[in-house]
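I have kept to what can be read from the coordinates.

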Amino acid sequence: GFFTSFRLDDWQQKPDWAPTFKALDAWEAAAPTSPASRLAHSSALIAYAWAARGSGTADTVTDGGWKLFGERLIESHNKLKEAEKWLAPVLGYDAEE
């Protein structure tokens with residue numbers, strides 16, 4: 001039920017990201033101009049970046065962890081820029097500015 005999603009054991013498990021990104025890619029393919037799919041993908045990439053970095057203090061992050069963290073945040077930013085392309089006209093501004 002609802003409360004089982006708050007179990008500590010569930011939060012400590014490392015998720016399998018492949019199905020998440022497969023579903024997000026399928027959503028983007030099915031709705032190529034959907035800003036919502038890009039926003040969801042961006043949010044998932046931020047969580048994925050933090051999974052690579054870990055929750056420890058900065059001095060405990062490996063070089064590989066920092067590299068993946070940065071790469072995934074850049075990819076997340078790119079997804080936001082894609083969403084902005086479709087949202088800007090609706091919100092009344094030019095995304096190129």
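The points below go from the chain as a whole to one helix and its surroundings.

1. This is a predicted model, in which local features need pLDDT of at least 70 and side-chain atom pairs count only at pLDDT 80 or more, while totals for chains, interfaces and linings use all residues. Residues are numbered from 1 along each chain as its sequence is written, and side-chain values use heavy atoms, with hydrogens and water left out.

2. The protein chain has four helices and zero strands, where helices (H or I, at least four residues) and strands (E, at least two) are DSSP runs numbered from the N terminus. Of its 97 residues, 26% count as buried, a term that stands for under 20% relative accessible area, with exposed meaning over 50% and partly exposed in between (1.4 Å probe, protein chains only).

3. Helix α2 covers residues 17-30. Its 14 residues should span 20 Å at 1.5 Å a residue, and the end C-alpha atoms are 20 Å apart, which agrees; the expected span is 1.5 Å times one less than the number of residues.

4. Which residues of α2 are buried? They are Trp17, Phe21, Leu24 and Glu28. Seen down the axis of α2, the buried residues fall within an arc of 60°, so they line one face of the helix; the arc is that of the directions from the helix axis to the C-beta atoms. On the other side of α2, Ala18, Lys22, Ala29 and Ala30 are exposed, whereas Ala26 is partly exposed, at a relative accessible area of 46%.

5. The buried residues of α2 pack against α3 and α4 (63-91). Phe21, leaving aside neighbours within four places in sequence, is in contact (heavy atoms within 4.5 Å) with His41, Ala44, Leu45 and Tyr48.

6. The largest nonpolar core has five residues, namely Trp17, Phe21, Leu24, Ala44 and Leu45. The elements giving two or more residues to this core are α2 and α3 (35-53), and α2 gives the most, with three residues. Such a core is a set of buried Ala, Val, Leu, Ile, Met, Phe, Trp, Tyr and Cys residues joined through side-chain atoms within 4.5 Å.

7. Lastly, a spacing to check in the viewer: Ala26 and Ser37 are eleven residues apart in sequence and 9.5 Å apart in space, C-alpha to C-alpha.
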